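Here are some notes for a colleague who is opening this entry for the first time. Please read them with the sequence and the model side by side.

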Amino acid sequence: MTRPVVIVASLMRFHGTTGVQTHMGEFVRYMAAAGEPHEVATPFHWTTSPLLVLFVALRKLLERCLKPGAVVVYRQGHALLLWCRLRWLMWRHPHCVVYAQCPVSADVALRCARRATQRVALVVHFNVSQSEEWIGKGMLRRGSALDQRIRALEARVVHDVAGLILV
């Protein structure tokens, strides 16, 4: 039987100062030291960079005048770019486990999976909901349509993934 490749998937850059980025880095270093096959999938892969520049510029503009729009552009734009990278990696690795760092990246991985040998695990880095984090930053209102949509996606993804890892 072929050993599955672990694909670490995230909407965030691989390197940085957040807890998510620290966790990804530590996990990838562990996989490398153990000799385990692994890949990293983020929207920041070089083949997606022209679109990334467009999404980041649009998001920065919307942060000034339409904060919920900036949240949508961040989530949907980065999801599209992650889909491009993850689709390719999952095609190359028909036996894989996607170690998704958020509900959006888990949703992308679930949509990319084409075989029963491709599983998705969600790493939960947030308390209650990612929506709460956006509300806390003043980017959206509690009970708004976007708040409800984020929570609905989380509920669906939690139900559909093969496993949950609570950090």
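**Notes on the model**

1. The crossing of helix 2 and helix 3 is left-handed, a term used when the near helix is turned anticlockwise from the far one by less than a right angle. The contact, meaning heavy atoms within 4.5 Å, involves Leu 51, Leu 52, Phe 55, Leu 58, Arg 59, Leu 62, Glu 63 and Cys 65 on helix 2, and Lys 67, Gly 69, Ala 70, Val 73, Tyr 74, Gly 77, His 78, Leu 80 and Leu 81 on helix 3. By class, eleven of these residues are nonpolar, three polar and three charged.

2. This is a predicted model, in which local features need pLDDT of at least 70 and side-chain atom pairs count only at pLDDT 80 or more, while totals for chains, interfaces and linings use all residues. Residues are numbered from 1 along each chain as its sequence is written, and side-chain values use heavy atoms, with hydrogens and water left out.

3. The axes of helix 2 (residues 49-65) and helix 3 (residues 67-92) come within 7 Å and cross at roughly 165°. The two helices are therefore roughly antiparallel to each other, a label for angles over 145 degrees.

4. Val 128 lies in the loop between strand 4 (118-124) and helix 5 (130-136), and its phi is near 70°, a positive value in a residue other than glycine. Most residues other than glycine have a negative phi. Val 128 counts as exposed because its relative accessibility is 72%, where exposed means over 50% (1.4 Å probe, protein chains only).

5. Ala 145 belongs to helix 6 (residues 145-160) and, at 61% relative accessibility, also counts as exposed. Ala 145 and His 95 are 50 residues apart in sequence and 37 Å apart in space, C-alpha to C-alpha.

Key
Axes fitted to C-alpha atoms, helices over the stretch in contact; angles between N-to-C directions. Helix = DSSP H or I, 4+ residues; strand = E, 2+ residues; numbered from the N terminus. Parallel < 35°, antiparallel > 145°, perpendicular 65-115°, else oblique. Nonpolar A, V, L, I, M, F, W, Y, C, P; charged D, E, K, R; others polar. Buried < 20%, exposed > 50% of the residue type's maximum accessible area, 1.4 Å probe, protein only.
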